[in-house]
Amino acid sequence: MKLQPLLSIAVSLSLGATAALAGTRPHYGGTLRVQSRDSVTSIENVWVLPQTVLQQQLSELLFDRLTAVDDAGVAHGSLASSWRSDQQQRVWEFEIRSGATFSDGSAVTAQDIAACIAKVAPQWKITANAQSVTVEADSAIPHLPELLALPEFSIIKLDAEKKVMGSGAFRVDVFQAARRISLVANDDYWAGRPYLDKIEITMGGSVREQLINRRLDQDDVAELTLDQARAVGYGTQANPGSLPPQRMAVPRPGDLYALVFFRDLPSVAPGTRANTSADDGRIDQAIALTIDRASISRVLLQKQADAAPALLPQWLTGYEFLFESQPDPDQARKLRNDAVRAAAVSIPFAYDSGDNIARAIAERVAVNVREANITLQTFGGKNLTLDSATNTGAQVALIRLPLASPSTVAALFDLERRAGIGPAVTAQTESASSPESSLAAERAALSSFHIIPVVHVPQVYWLNPRVRDWTTPANGGWRLQDVWLEGERPSSSPVAVLR
Amino acid sequence: MTLSFRARLIAMITFTVAITVVLVAWLVESNLRRSFELSNAARTNALVEQFNSGFQQRGEQIAQRIETVANSESMLRIALAAAQSQPDLSPFVNEAQPLAADHQLELLEILAQDGTIISSAQWPARFGYRETWLAVLNKDDLPKKGFLKRESLPEGEQLALVAIRQLKVRNVILYIVGGQKLDEKYFQSFQAPLGLRPILYRYPGIGGGFSPTNFISISAAPDSATVNKASPELQSPEKLEPLIEEVQKQHVLSRDTKLTRTIEWTNNPEDGETIHTDALVGNNNELLGVLFVATPMREQIRLAGHVRNVAIAVGMAGILFGVLLSMWMSRRITRPLEELAVAATQVAHGDWSAHVAETSSDEVGQLAAAFNRMTHELIAQREQLIQTERVAAWRELARRLAHELKNPLFPLQITVENLLRARELGPEQFDEVFRESTATLLAELSNLKNIVGRFSDFSKMPTPQFQNVDLNNLLHEVAQLYQAQIARNSALSVGWSLAEELPNINADPVLLRRAIENLVLNAMDAMADGGILTFRTALNREEHRAIIEVADTGAGLTPEECERLFTPYYTTKQFGTGLGLAIVQSVVADHGGTITVSSAKSAGTTFHIELPIRAKDSVS
């Protein structure tokens, strides 16, 4: 009789300990609610060439590539289980992983992979074998595995309704253009089912809605702008009177704000050009020489961003300091006057009206450029991307370009392709095998003044305390395969998937 | 063409009335325009005064707000940060915007001692740049009130009303500059008097020329402020360019910049405006802008047009009235004169009984009275003359009668006395004397009877029996009658000059023949020594008269003789009664004609008879 209460107490204690231990261990289930500033209007846009941070993240979640790159920039297998190349690193053969399936259950074949890569890189010769894919280029591509990990090399398949299918950890459940995306876990994912059952992404919400949701604990992850991040306590000049420091994920600044030129410049009155062959780069160069990146990063962005004299950040390449970052207004004026004499130069200049940082940077750039007697007519465009900016009538736009890869060559290759820099420069990047050759390739990319880097900014995310095991890739964004939610349980019976 | 007195009088009075009306209309329009100008000038001055007053008040208000900003805790934090040994002012880059919002300032900049922008509310992106205008400002004597300044903004340079304050912490000085843009919003706060339209022109900075985009105007409706192109009344801003340049020159020469000009925006003068200018200067007396006050001319032109139309209508009515008045007046003035003229014409035609009514006592009345007196005196004198002539005629008649009768009476007396003395003679002698005496007595009595008979004929001129008479034929018959006598005198001949076209006339052929015969006898008597007797006829078509001339080439008559030739009982002959030509004249007069004589000594005499051709006379 006396042992029974003691036994009851012992059982209760052991059960309580087990429950407590279970609360701190990863477990399946739950819906992760994400607030994103960006909007996606089509899943196809995600696959073709991701333009925004959200598109890039969706690409990571929905699609696989042959390879993946870790935070050190080293390629690992993804759909490819292994690979090898010839001596010249010109011909590469990738062994296809077995067991990978698209969201409709069909197997990912070498033919599917070869078709996707060939569509993106027609300059390469792609051959599909039974269980392997061979990529053959005219010259050496030392970092092909890193390149093939870029989002644009996502392996997709079209279903009977011509809808895009991927083999990623999640698949699209509900898609409402520019409003909401609901993703559900892919139970048959070859790398193991993710912990999360669903991911609910709300797109384009206002700052006010975001703030309310955060306060009411209705969001798990929210993308913050730098000024929002500053308001909630991030940065060296945090407002002491604001809320207690929040939980935030702040990777190193990797996203690039850059001026991208769409067509030949400048816009001047006919017959006033000093030299028609020089209407190209001199105005662009003059603009580049006037930009005071240090003031933008230090004052305007309150040291939360890094001045970007080069396309890739210093922490990634290690050679960014070699690029000149100091403005030279005198030289800029000289170039401008050489190009167009006394004629007025007025250039339509677009920025994303929903991005306060973009607006502030654009206005500052416009002020800087005035020193060279060049007028940038700034105007905001909604959800401005490289693609949409071309339709605004702008000749130059301030675009935020996410860092696509922790690999130097892959990231540079991606930026060059997005900015539309010529194939010659891209080919130089493809063949880059060392930091010196990467530096040379980046110099070549900048020498055309088709793209002028301004600052590198980090992607900042607010995290609900219940979000666990959040890790941020080196190039920013999400890595949600390992995330789990505290206090959540699977909506259906647990799936025994060992990780 | 000679105008009548009445027409001239009407024209003169009408002209006088018209000129008077035009003068009055011109005076009214001039005074009206002047009144408009004075009224507009007063309203314009009031608006300019209102603008300046509002400008001053707003400047003081801004200065107070800047003072408050300068004394705020935020500014103190910035100043303390700036006073650090290695100051980092980047955290304050966005400080100006909330401060400006809190203090209701459109413009606010926080400047370091050297003019570097620490934070700018109006252009946040301009941090780090230097405000060069601060260098020329006297730091020891900063303006206490608001002043005008050209402000650099993202959209371009803008005119602004600003105030400046200094904040000093230890050795660090910060400047706070803020204010308000002089834009359409600022203009909207002014309730311009109805009809007036303020326009602001902002001079561009150094090197900038005239720019039509630098205008701000408020349309006449006080609630709609519009800039440049949006303003329907400022479609041609370039028309103000000369005025803007003129103000600029006046300012450079330190002359009065308050100018008044008229601008016609379109071809329609009603769309024109009277523009008054006032220069807007900055703290260092630099010309920054021009305030135009535009007054539409539409009302003035329309009122002037209305007055002109009324003047024209009144003028027309006045002229009409003047015409009527002048007609009435001229009628009153000229009617007595016309009556005088008619009466004078009557008098000229022998009707001395003409009388003019004396309707007034003025000069015309006196003239009429004088005329009446004159005709009265003329009639009296004529009566007197007739009386005198009648007496003279009777005397002449008596003299002639005495003379005619005395000649036969003297032989009668002698014969009777001889007869009385013959009684004393023997019967035979007596018988002889008696026979001779009775023969003489009978002869003389016959002579007396003949004389008395001629007097009797003259007094019994018969009434003419008119019938159709061919004058040429009548003259031939008379010549035929005296053919024998003419033939006896070889020195006498007859000449003819007859008008073939002479029509027959209505006349008494017997009387007319006796008259012609009388003239022929006189001519033959005048040409006892020979000559040419000439008969002439002619036709006076204009006066419808037939002309007969009987001319001789005799000794002729003296003018005195010609004058008295037709007087009864006057004769130049030794044995004439003097009744022949009187009878001729009587016959011609009875036919409604006239007879005249022309003669000169030794040049012959011509009798000229004109007889009327009546309507029933045929004219070939």
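This is a predicted model: local features need pLDDT of at least 70, side-chain atom pairs count only at pLDDT 80 or more; totals for chains, interfaces and linings use all residues.
Mentor: Two strands count as paired if DSSP finds at least two bridges between them.

Trainee: What makes strand 1 of chain B a partner of strand 5 and of strand 2 of chain B?

Mentor: Five bridges link strand 1 to strand 5 of chain B, and three link strand 1 to strand 2 of chain B. B:Ile110 stands opposite B:Ile176 in strand 5 of chain B, while B:Glu109 faces B:Ser120 in strand 2 of chain B. The hairpin of strands 1 and 2 of chain B has five residues between the strands, and there B:Gly115 takes a positive phi near 95 degrees.

Trainee: Which order do the strands take, and why are strand 2 and strand 3 of chain B said to stand at the edges?

Mentor: The sheet in chain B is open, has five strands in the order 2-1-5-4-3, and is paired antiparallel. Strand 2 (117-120) and strand 3 (147-153) of chain B each have a single partner strand, so one side of each lacks a neighbour in the sheet. From one strand to the next, the twist averages 35 degrees.

Trainee: Why is strand 1 of chain B described as largely enclosed?

Mentor: A residue is buried if 20 or more other C-beta atoms lie within 10 Å of its own. Five of the five residues of strand 1 of chain B are buried, so the strand is largely enclosed by the rest of the structure. Both faces are covered, with B:Leu107, B:Glu109 and B:Leu111 buried on one side and B:Leu108 and B:Ile110 on the other. Over chain B as a whole, 29% of the 620 residues count as buried.

Trainee: Which helices of chain B pack on this sheet?

Mentor: Helix 1 (residues 5-70) of chain B lies across strand 1 (107-111), strand 4 and strand 5 (172-181) of chain B, at about 40 degrees to strand 4. Helix 2 (residues 73-82) of chain B touches strands 1, 2, 4 and 5 of chain B, its direction making about 140 degrees with that of strand 5.

Trainee: In chain A, why are helix 8 and helix 11 called roughly antiparallel?

Mentor: Helix 8 (residues 281-290) and helix 11 (residues 329-340) of chain A pack at an angle of about 165 degrees, with axes 8 Å apart. Angles over 145 degrees count as roughly antiparallel, so helix 8 of chain A is roughly antiparallel to helix 11 of chain A. Their crossing is left-handed. Among the residues that meet there are A:Ile283 and A:Leu289 from helix 8 and A:Leu335 and A:Ala339 from helix 11 of chain A. By class, this contact has seven nonpolar, three polar and three charged residues.

Trainee: How many residues does each chain bring to the contact of chain A with chain B?

Mentor: Chain B brings nine residues and chain A 11 residues. On the side of chain B, six are nonpolar, two polar and one charged.

Key: Residues are numbered from 1 along each chain as its sequence is written. Chains are lettered from A and ligands numbered from 1 in the order in which they are written. Two residues are in contact if their C-beta atoms, placed from the backbone, lie within 7 Å. Ala, Val, Leu, Ile, Met, Phe, Trp, Tyr, Cys and Pro count as nonpolar, Asp, Glu, Lys and Arg as charged, and the others, Gly among them, as polar. A residue is buried if 20 or more other C-beta atoms lie within 10 Å of its own, exposed if 12 or fewer, and partly exposed in between; C-beta atoms are placed from the backbone. Axes are lines fitted to C-alpha atoms, for helices over the stretch in contact, and angles run from 0 to 180 degrees between N-to-C directions. Helices (H or I, at least four residues) and strands (E, at least two) are DSSP runs, numbered from the N terminus. Angles under 35 degrees count as roughly parallel, over 145 as roughly antiparallel, 65 to 115 as roughly perpendicular and the rest as oblique. A crossing is left-handed if the near helix is turned anticlockwise from the far one by less than a right angle, and right-handed if clockwise.
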